[in-house]
Amino acid sequence: MAVLAPVSGSAAPVPRKKRLGRVLSERRTRFGLLNAAPVVVYLLILFVYPIFSTLMLSLKAENGGFTLHWYADAFRGANLEILLTTLRISAETSLLALVVGFALASAISRLKPLWAGLAMLVVVVPHFISALVRTYGWIILLGDNGVVNNLLTALHFPGAPFQLLYNEIGVVIGTTAVMLPYTVLLLYAVMKGIDRRLLAAAAGMGAGRITIFRRVYVPLVAPGLVNAGVLSFILCLGYYLTPALMGGEKQTMVASLIDEQVMKQNQWNGASALGIILLLLTFAGLLLLRLLKSAGEALRKRGEAS
Amino acid sequence: MPETDVIPEPALDSAASVTGTGKPVSVTRLRKTYGGVTAVDEVSMEIAAGEFVTFLGSSGSGKTTTLMMIAGFCEPDAGSIVVGGRDVTRLAPQKRGLGFVFQQYLLFPHMTVWDNVAFPLQLRGVSKAEQRRRVGETLEMAGLSAMARRRPRELSGGQQQRVALCRALVYRPPVILMDEPLGALDKKLRDQLQTEIKRIQRELGLTVIYVTHDQEEALVLSDRIAVMRDGRIDQFDTPQELFERPRTPFVADFLGAANFLPGRLEKQTADHTVVRLDTGGLVTARPQAAADGTRVRAAVQPGRLVLCPPGDGFCTGTVETVTYVGTLVRVTVRPVQGADTELVRLELPAGRAPALGERVGLTADPANVSVFPDVLPDAEQGG
């Protein structure tokens, strides 16, 4: 029970010692604690403990003492470059996934329910296929003698064949395809919720298509855009398979670096530090989400003032 | 703000509100079918500048479809629409420069009240200072100045509809179309907003086309009412004409819940028609072109019936119910002759109520009795 006390503490408003005691003595509270126990134990064993031990590992020097050496290492030379590459590719991916996802979701949201369901299936089903298979699929499509290049060459497209694999284009195409179902699903849900009569109302007042899109549609979809963008960015940060298979030397991402450190160099401390950095970046992404939302609020407030 | 789609702003000065900004609307033989069902059938009407016209009808009468075609949200199969001398039949809604108020308000949820009202002005490239002045003025007029910074969802239904009204008024469109704008509000609020809409319309000299299924609302607001049924206009007239000289049984029933007394046309003169009722009495009515001896119905509004001593009027009966409704009393009378005839409904001033079971005679001014060929009015099931 002692372990569980903090949980009830967070539920009680301003838990002073006396009040906490009273709350704990209530039958409802005790019953609630009993119910929460399995989840708490589950989280402690499978989430809190591993993250905590990874953190400890990342702070442990080779002689067993405390050190920030592994973090310093992560932000130095080739490692720093890999970190920046990861951020860049994640940003490119989330941007592309947003643009393509927006177009797809907005098209699907205008279809009749039956067709919308089918289109949604086409978008989501690839997600259930093994990522490895999908990635090899892309490799077949994008290779020097792949379907895309053969088609472009046959059409005498200037510059064809293109190098579409083992470079950043390949990685971003691959990761975007992975993130797309998320952005489409998130944006579709938001777009479906928009009252299309609002757009008609704007048209009635004299707004043209571009204005309606810019002043009414996009602002109404904006919360979904922010969510989808940050989600695909975060998911991409730790993504391993596609960049490893479709990228070149220059597209090594943090996940690959961790893999190399653990599997080839048996360097657990450095890998732990990188893992913690990824985790912090994820938190930073979520923080960014919050900031963007409140910034949007503030922007609107300022708009009102003028 | 430079916009790609700037609408020509009508030259506007302070005098505009005095002279009136409304423009005439002319609709010619408008038709619309949905999958074989004719929603609007050859509707034609001329609406004068500054006129308040209501399309009145039950659901499915084609009133909203007609409005949507004038708005441009729905393309007619045939016919033409001319606003202020300009043919707008094939024009996109944003090019027509009209104003709208919808039943569901349709305010932009991501904008404040102020921004909602300023939006149409921004589209027209109105300067910031002018925007501030006009939005401020309009909100002031609607008593919404204190709400300017709020979001639509923070307002009550009545306030939201007022904002929608402001948004339609602020750019002084020559014609404002309203689709049951008060349908979602409670009675008291509806009465209050009706008064406001009417006042603003008069002050600005706006042309308003209003859609409703509420005959009382139509009577209160309109200069003229188009009573619609099955995609056609039954009658397009002033409230008084509709009420006193309904041209079809449907209009008589829909507007005044008229009594229809079956009978046979007995005699016609230049000034009136005489009908022998099935209950035995003779009733004198307005002239009606029909052959002597044909089956007809004499229609008379409950409020136009007058009590008289038994045997004097066109009908004698016993009082079955007496219901007080404020200053009025509703009375039903069962005619003595003709056991299967319907009850006759009356509305009398509260002081003149007869006693239950009393034998009374009924009479009416011939000018208030209309005669129709004997076809069942369709509205009897629902209107």
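**Exercise 1. In which order do the 4 strands of the open sheet in chain B lie, and which are the edge strands?**

Step 1. In this predicted model, the order in chain B is β2-β1-β4-β5, with antiparallel pairing.
Step 2. Look for strands that pair on one side only: these are β2 (37-47) and β5 (86-87) of chain B, the edge strands.
Step 3. Check one pair. β1 (residues 25-34) and β4 (residues 78-83) of chain B run antiparallel over 5 bridges. Val25(B) faces Val83(B) of β4(B).
Step 4. Sheet strands pair through backbone hydrogen bonds, parallel or antiparallel.

**Exercise 2. Which strands does helix α2 of chain B lie across?**

Step 1. Find α2 at residues 63-71 of chain B.
Step 2. This helix lies across β1, β2 and β4 of chain B. Its angle to β1(B) is about 120 degrees.

**Exercise 3. Glu42(B) has a positive phi. Is Glu42(B) buried or partly exposed?**

Step 1. Count neighbours. Glu42(B) has 14 C-beta neighbours inside 10 Å, so it counts as partly exposed.

**Exercise 4. Why does Leu106(B) count as buried?**

Step 1. Leu106(B) is not a glycine either, and its phi is positive at about 50 degrees.
Step 2. Apply the cut-off: a residue is buried at 20 or more other C-beta atoms within 10 Å. Leu106(B) has 22, so it is buried.

How values were computed: Residues are numbered from 1 along each chain as its sequence is written. Chains are lettered from A and ligands numbered from 1 in the order in which they are written. This is a predicted model: local features need pLDDT of at least 70, side-chain atom pairs count only at pLDDT 80 or more; totals for chains, interfaces and linings use all residues. Two strands pair if DSSP finds at least two bridges between them. Helices (H or I, at least four residues) and strands (E, at least two) are DSSP runs, numbered from the N terminus. Two residues are in contact if their C-beta atoms, placed from the backbone, lie within 7 Å. Axes are lines fitted to C-alpha atoms, for helices over the stretch in contact, and angles run from 0 to 180 degrees between N-to-C directions. A residue is buried if 20 or more other C-beta atoms lie within 10 Å of its own, exposed if 12 or fewer, and partly exposed in between; C-beta atoms are placed from the backbone.
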